[in-house]
Amino acid sequence: MPQWSELTRDAVSAAAQSGAVAVLPVGAVEQHGPHLPTGTDALLADRAVASAIQRTDAVALPVVTYGCSLGHTDHWPGTLSLSVSTMTELLNDIGRWVYASGFRKFVVVNSHATNGPPCQSSLLALRYELPEMRTRFVSLYDITPRATQGYLGDADDPHANEAETSMVLHLSPELVHLDRAVDEVDRTVGRVLTYAMPDVTVSGVVGRPTEASAPSGEALFTAIVDGIADLLIRARAETEPLG
C-alpha cells in the first residue's frame, strides 16, 4: 500500500473501508553526537514503517519529524523539541482525523524514548474519546526481543550508539561522519533517578558508535521491519475480544 500522502481521497477511503491499519511513524530532531544527523530518529522511524508496509496492506501516514526531546536541553545545537503538551495534542489531532477518514485501527511506531509519555497519553485519551478506535504504541527498540538486544548492546540507555549509527550507515551512509564518532559509557547504569543528557554525557553520545558497521545495521533494521510487519498483519486480523 502506498503512503497516505500519495493516495487520492477515494483511495484513502477505500483503504479505510477495507479495514486497513493506519500507521504513524514518529521520530525526533535532536543532537546525535558529532557524527550522526539530527534527523536520525525521524529517518529510522520513517524508513522502517515504509519498508514494513510493503509486506502488508497498512497505510503509512507522513512521519511526525519533531518529537519531545526536552532532555537534550539547549546544551548542544541542533535539537528542535516539542513540549509534552504540544506533542500530545498533535497526536490527538492526527488520531481524530485518521478516525474521520474511516480508519478504526491506528498504530504509532516510535523511534525516540521520551516520545513515549506524550504519545501514550494521547492514545489513552483517543481511546476514551473515540471508543471504536483501536490503538497501539510501539518503539523500534522494543518491537521484538531481537530489536531490543540489538539496540542495547552497548548501553542500557543508549543514544547515537552502535545500533543507531549502524542503521544509518546501512540506510544513508552519506549522512554519517564515522571519523568524528566518540564512545562514552552509560553513566545511568544502577541509578534510580532520571537525568538530562548533559548530566550524563560530554559528547552527546551514550554507547560505542565507533564499532558501527553497515552489515550490522542491515541485520538490526531487517529485524525491526520484520517485527513491525508482523504487528501490522496481526493488528489487521485481530477481532474484538467479546465479538
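The secondary structure of the protein consists of seven helices and four strands. The structure described here is a predicted model. Read from the N terminus, the order of the elements is α-β-α-β-α-β-α-β-α-α-α. Along the principal axes, the C-alpha atoms occupy a box of roughly 50 × 35 × 35 Å. The radius of gyration of the protein is 18 Å, which agrees with the value near 18 Å that a compact globule of 243 residues would have.

Several totals describe how the chain is arranged within this volume. Of the 243 residues, 49% count as buried. Among the contacts with a separation of 6 or more, 78% are accounted for by residues 24 or more positions apart.

A search of the whole structure found ten salt bridges. One of them joins the side chains of R55 and D226, with a distance of 2.6 Å from N to O. R55 is located in the loop between α2 (40-53) and β2 (59-60), whereas D226 belongs to helix α7, so this pair ties together parts that are 171 residues apart in sequence. Both partners fall into the intermediate class of accessibility. R55 is partly exposed, with a relative accessible area of 46%, and D226 is partly exposed as well, with a value of 36%.

Another salt bridge is formed by the side chains of E132 and R104, at 3.4 Å from N to O. This pair also links distant parts of the chain: E132 lies in the loop between α4 (116-129) and β4 (134-139), and R104 lies in the loop between α3 (84-100) and β3 (105-110), 28 residues apart. R104 counts as partly exposed, because its relative accessibility is 29% and this class covers values between the limits of 20% and 50%.

R187 and E184 form a further salt bridge, in which the closest N and O atoms are 2.5 Å apart. The two residues of this pair belong to separate accessibility classes. R187 is partly exposed at 37% relative accessibility, whereas E184 is buried, with a relative accessible area of 10%.

The C-alpha atom of V185 is separated by 35 Å from that of E89, a residue 96 positions away along the chain.

Nine of the ten residues of α6 are buried, so the helix is largely enclosed by the rest of the structure. The buried residues are E162, A163, E164, T165, S166, M167, V168, L169 and L171. These buried residues pack against α2, α5 and α7. An α-helix has 3.6 residues a turn, so residues three or four places apart point the same way. In α6, the buried positions include E162, T165 and L169, as well as A163, S166 and M167.

Backbone geometry was also examined at individual positions. T73 has a positive phi of about 55 degrees, although this residue is not a glycine. T73 lies in the loop between β2 and α3, where it is partly exposed, with a relative accessible area of 34%. A160 likewise has a positive phi of about 55 degrees without being a glycine. The place of A160 is in the loop between α5 (145-151) and α6. In contrast to the partly exposed T73, A160 is buried, with a relative accessible area of 0%.

Methods: Residues are numbered from 1 along each chain as its sequence is written. This is a predicted model: local features need pLDDT of at least 70, side-chain atom pairs count only at pLDDT 80 or more; totals for chains, interfaces and linings use all residues. Side-chain values use heavy atoms; hydrogens and water are left out. Helices (H or I, at least four residues) and strands (E, at least two) are DSSP runs, numbered from the N terminus. The radius of gyration is taken over C-alpha atoms; the globule rule is 2.2 Å times the number of residues to the power 0.38. Buried means under 20% relative accessible area, exposed over 50%, partly exposed in between (1.4 Å probe, protein chains only). Contact means heavy atoms within 4.5 Å. A salt bridge is a side-chain nitrogen of Lys or Arg within 4 Å of a carboxyl oxygen of Asp or Glu.
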